[in-house]
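Hello,

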Amino acid sequence: METESSDKERDHAGLKGGFCEEIVRRSGDDFRRCYQCQSCGSGCPVSEAMKYRPNGVIRLVQLGFGREALESPDIWLCMGCNTCSTECPMAIDIAAVMSALRETAIEEGVRIAEPGILNFHQEVLNSIERYGRTHKLEIMMRHKLRQLDLFSDIDIGLKLLSRRKLDLRPSKILNISEVQKLFSGSTGEIT
Amino acid sequence: MNKAAAVQISYFPGCSLATTAKENNQSLIEVCKYMGYRLAELKDWNCCGSSSAHGIKPELGFNLACRNLSLAPEGIPLLVACPSCILHLKQAQSRLKRDEAATKDYERCWGRPVDLNLKILHFFELMDGIDCLPNTTLNGLKFAPYYGCMLARPPELRHEKNYHGLMEKLLSCYGASSIRWSYSSRCCGTFLSAAKPEVAGPMVNRIVQNAVDSGAECIVTACAMCHLNIEIRCTLKRVVPIFHFSELLSIAFKTGTNKDWFARHLIDPAPLLKSKGLTV
Ligand code: SF4
Ligand code: SF4
């Protein structure tokens, strides 16, 4: 890890002011109190698939390595399961820090390390915007289509259909405009 | 057990229980009814935002949760079936309590005052206080109590009551026996099961393998997502059925109705139930 560069170089170019301060503000949690005990990294169920692990991501942000944090696969692999914050001796809301990083990564237009996961989330949001609820069958079909991966999991899909676990038609709420107005009020376009 | 006058409770099933996990939904409603609670589904509820809204657009997630809170009739406790929905709803309420500007926006948006004292209940909270009259209905069924990440909470909710051990306590009271194992609180992979199966698959296999190695005849969960993920992603040769907590409670309580929901499981529980003499 490069430690000689100046604060300015380390801070992500697109963000005004300090990168770390910005993520503290967005996440609503001052994770600068993290002292790298690594409990979060040891307990995180996906840390094996991560590049830096949650404690590493926090360290990157503390040191202002914005691009490394925003372009890491770790922020997308994080499931928000809160296992880490349950372990954290400093009661840091690590899942909220990860959310703040994902939101920032989208806004800044950096390279997304796990585009498939982002696409999945977007399909879920599209479904909520359309129906007010999630329609699992449509989410999966659109997601698979976007990934050009039409055939994996077909067996699972058929099993679910035969057990009536996937509804063919979405359940739509009556007052959908109330939900849609929340989407138009939120920043950024979901495509 | 309270079988006197029915107590009215509002009910938020959430998207999973309304669709993929109908067996969870039916058994939960049945158990509640048996215990003397009348559930009234929250009118026109919407998705709580799920991991996706809270994961990439937290503000939208907050607002989606708020709309649901605004639909809850005042003074009537709200039962939330999904462990992930309940966190989102409780976190939204907790923010409304401390953030005056957010409360003002809420009231402007939904045209009604916030009920900051609305009781948001998990199914465990309903079960916690019941008088258990020990019996042997569950015939020594050996189960691995699986909580996944449902009892892990963000720091702002960390002072709330913890329900670890509740499934062991109750099901043991009705004659089942819990095994000790290592993966009781290991997350099931949530949305990675759909978005990144190559990561979620091994996670699920490790959970089931450990349950089998520890001598469990079945896994018991209280989360519809855990249930589904284990059933669809486990590729082990030797698997054990997975039950929803309320499914076993409905057997334990002898609620007496036709439990046709067992046919909806992907890992068929019928042979195990039969071998244990648990006719349903
Ligand atoms: S558990 Fe908390 S204090 Fe320890 S490394 Fe992780 S975030 Fe830092
Ligand atoms: S919330 Fe994210 S970082 Fe924390 S344990 Fe879960 S997956 Fe790992």
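Predicted model: local features only at pLDDT ≥ 70, side-chain atom pairs only at ≥ 80, totals over all residues.

**Findings**

Asn63(B) belongs to helix α4 of chain B, residues 58-71. Setting aside neighbours within four places in sequence, Asn63(B) is in contact with Leu182(A) and Trp110(B). Its C-alpha atom is 9.7 Å from that of Cys109(B), a residue 46 places away along the chain.

Next, the aromatic rings. Over all chains, the structure holds 11 aromatic pairs. One of them joins Phe123(B) and Phe245(B): the centres are 6.0 Å apart and the planes are at 75°, so the pair is edge-to-face. Phe123(B) is in helix α7 (residues 123-128) and Phe245(B) in helix α12 (residues 245-252), both of chain B, so this pair ties together parts 122 residues apart in sequence. Phe123(B) is buried, with a relative accessible area of 2%. Phe245(B) is buried too, at 0%.

Phe124(B) and Tyr147(B) make another edge-to-face pair, with 6.1 Å centre to centre and 80° between the planes. Phe124(B) lies in helix α7 of chain B, while Tyr147(B) lies in the loop between β5 (142-146) and α8 (166-173) of that chain, so the pair ties together parts 23 residues apart in sequence. Phe124(B) counts as buried at 0% relative accessibility. Tyr147(B) counts as buried at 1%.

Which residues make up the aromatic cluster? Phe123(B), Phe124(B), Tyr147(B), Tyr163(B) and Phe245(B) form one cluster.

There are also charges over rings. The charged end of Arg133(A) sits over the ring of Trp45(B), 3.6 Å from the ring centre. In chain B, the charged end of Arg95(B) sits over the ring of Phe62(B), at 3.9 Å from the centre.

Last, the ligand. How many residues surround ligand 1? The shell has 14, and the closest are Cys34(A), Cys37(A), Gln38(A), Cys40(A) and Cys88(A). Helices α3 (39-43) and α4 (53-62) of chain A are the elements that give two or more residues to this shell. By residue class, the shell around ligand 1 divides into 10 nonpolar, four polar and no charged residues.

Best wishes

Note on methods. Residues numbered from 1 in each chain as written. Chains lettered and ligands numbered in written order. Heavy atoms only, no water. Near = heavy atom within 4 Å. Helix = DSSP H or I, 4+ residues; strand = E, 2+ residues; numbered from the N terminus. Nonpolar A, V, L, I, M, F, W, Y, C, P; charged D, E, K, R; others polar. Contact = heavy atoms within 4.5 Å. Phe/Tyr/Trp six-rings, centres within 6.5 Å; stacked < 30°, edge-to-face > 60°. Buried < 20%, exposed > 50% of the residue type's maximum accessible area, 1.4 Å probe, protein only. Lys NZ or Arg CZ within 6 Å of the ring centre and 35° of its normal.
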